[in-house]
Amino acid sequence: MDAEKDKMIQGERYFSNDKTLLAERQKTKKLLHRLNVTEYVANGNSRAIIRDLLPNASRRIYIEPPFHCDYGENIHLGDNVYFNTNCLILDSAPVHIGNNVLIGPGVHIYTASHPLEQDLRRQYSIAKPVTIESDCWIGGNSVICPGVTIGQGTVVGAGSVVTKSLPSFVMAAGNPARIIKHLEPSESEMK
């Protein structure tokens with residue numbers, strides 16, 4: 001593995017314009033163009049493109065184009081994950097999404113970030129993983145920030161900005177997102 005890519009995945013400072021990272025992002029952009037433009041309506045090749053784009057995803061996912069990501073290979077998806085139209089995942093660090101997750105339209109998931117110090121920001125990027133556990137619903141136009149974990153069965157209201165991790169079985173909304181209600185797990189989740 002390339003040194004800068006390894007640092008990126010490990011959450012260390014890395015140079016985002018490294019030749020290997022640039023080449024990988026370019027390869028991803030070509031696949032995204034095929035998914036979002038040339039194959040979207042033309043024929044049934046979208047499944048093959050999604051497998052190439054997201055090699056660490058279950059085959060039982062659905063993406064409503066357009067969809068955008070940086071690398072694709074850092075996105076790990078369980079069964080029955082649904083992305084509505086116009087979602088974006090900046091997957092410099094791993095993104096883990098469990099089973100039976102609904103992602104509303106226009107949702108952005110960010111792992112990419114930058115140092116606060118301006119001199120360092122000119123030289124390096126940083127990335128922190130994001131986890132969305134099973135049975136979550138992320139409302140449209142929400143933003144999930146770097147380093148956040150959203151617990152099982154949690155609902156994030158539309159337009160929310162999730163800056164801190166959320167526990168399981170809550171509803172959170174707002175900017176920044178705050179817990180507004182505790183939810184009861186279903187009987188199947190208690191087994």
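Guide: A polar contact is a pair of N or O atoms within 3.5 Å, where, within protein, one atom must be able to donate a hydrogen and the other to accept it. The model discussed here is a predicted one.

Visitor: What makes the link between the side chains of serine 58 and aspartate 79 a polar contact?

Guide: The side chains of serine 58 and aspartate 79 are joined at 2.3 Å. Serine 58 itself belongs to the loop between α3 (46-53) and β1 (61-63). Leaving aside residues up to four places away in sequence, serine 58 touches Leu77, Gly78 and Asp79.

Visitor: Why does serine 58 count as buried?

Guide: The relative accessibility of serine 58 is 18%. Buried means under 20%, and therefore serine 58 is placed in that class.

Visitor: How many aromatic pairs does a search of the whole structure find?

Guide: The search finds 2 aromatic pairs. One of them is formed by tyrosine 62 and tyrosine 82, with 5.6 Å from centre to centre and 5 degrees between the planes.

Visitor: Why is the pair of tyrosine 62 and tyrosine 82 called stacked?

Guide: Ring centres must lie within 6.5 Å, and planes under 30 degrees apart count as stacked.

Visitor: What class of accessibility do tyrosine 62 and tyrosine 82 fall into?

Guide: Tyrosine 62 has 39% relative accessibility, and tyrosine 82 has 28%. Partly exposed covers the range between buried, under 20%, and exposed, over 50%. Tyrosine 62 is therefore partly exposed, and tyrosine 82 counts as partly exposed as well.

Visitor: What makes the pair of phenylalanine 67 and phenylalanine 83 edge-to-face?

Guide: Their ring centres are 5.3 Å apart and their planes stand at 65 degrees. Planes over 60 degrees apart count as edge-to-face, so this pair takes that name. Phenylalanine 67 is in strand β2 (residues 67-69) and phenylalanine 83 in strand β4, 16 residues apart.

Visitor: Are phenylalanine 67 and phenylalanine 83 buried or exposed?

Guide: Phenylalanine 67, at 1% relative accessibility, counts as buried, and phenylalanine 83, at 0%, also counts as buried. Both values are under the 20% limit. Phenylalanine 83 stands opposite isoleucine 103 in β7.

Visitor: How do you know that β4 and strand β7 (residues 102-103) pair?

Guide: There are 2 bridges between β4 and β7, which run parallel. At least two bridges are required, so β4 and β7 pair. Both belong to an open sheet of 7 strands with mixed pairing, in the order β1-β4-β7-β12-β15-β17-β18.

Visitor: What makes β1 and β18 the edge strands?

Guide: Each of them pairs on one side only.

Visitor: In what sense do β17 and strand β18 (residues 178-182) pair?

Guide: They pair in the antiparallel sense over 4 bridges, whereas strand β15 (residues 155-156) and β17 run parallel and are joined by 2 bridges. Alanine 172 of β17 is the bridge partner of valine 156, and its bridge partner in β18 is isoleucine 179. In β17 (residues 170-173), Val170 and Ala172 form the covered face, while Met171 and Ala173 form the uncovered one. In a regular strand the side chains alternate between the two faces of the sheet.

Visitor: How do you know that the buried residues of helix α1 (residues 3-10) are on the same side?

Guide: The buried residues of α1 are Glu4, Lys5 and Met8. They span an arc of only 100 degrees around the axis, which means that they share the same side of α1. What covers them includes α2 (19-38) and β10 (126-127). Ala3 and Gln10, on the other side of α1, are exposed.

Visitor: What caps the N-terminal end of α1?

Guide: Aspartate 2 does, with a side-chain oxygen 3.1 Å from the backbone nitrogen of glutamate 4.

Visitor: Why is the chain called as compact as a globular protein of its length?

Guide: The chain contains 5 helices and 18 strands. Its radius of gyration is 17 Å, close to the 16 Å that the globule rule gives for 191 residues, and therefore it is as compact as a globular protein of that length. Of these 191 residues, 42% count as buried.

Definitions and conventions. Residues are numbered from 1 along each chain as its sequence is written. This is a predicted model: local features need pLDDT of at least 70, side-chain atom pairs count only at pLDDT 80 or more; totals for chains, interfaces and linings use all residues. Side-chain values use heavy atoms; hydrogens and water are left out. Buried means under 20% relative accessible area, exposed over 50%, partly exposed in between (1.4 Å probe, protein chains only). The arc is that of the directions from the helix axis to the C-beta atoms. Contact means heavy atoms within 4.5 Å. Rings of Phe, Tyr and Trp (its six-membered ring) pair if their centres lie within 6.5 Å; planes under 30 degrees apart count as stacked, over 60 as edge-to-face and the rest as tilted. The radius of gyration is taken over C-alpha atoms; the globule rule is 2.2 Å times the number of residues to the power 0.38.
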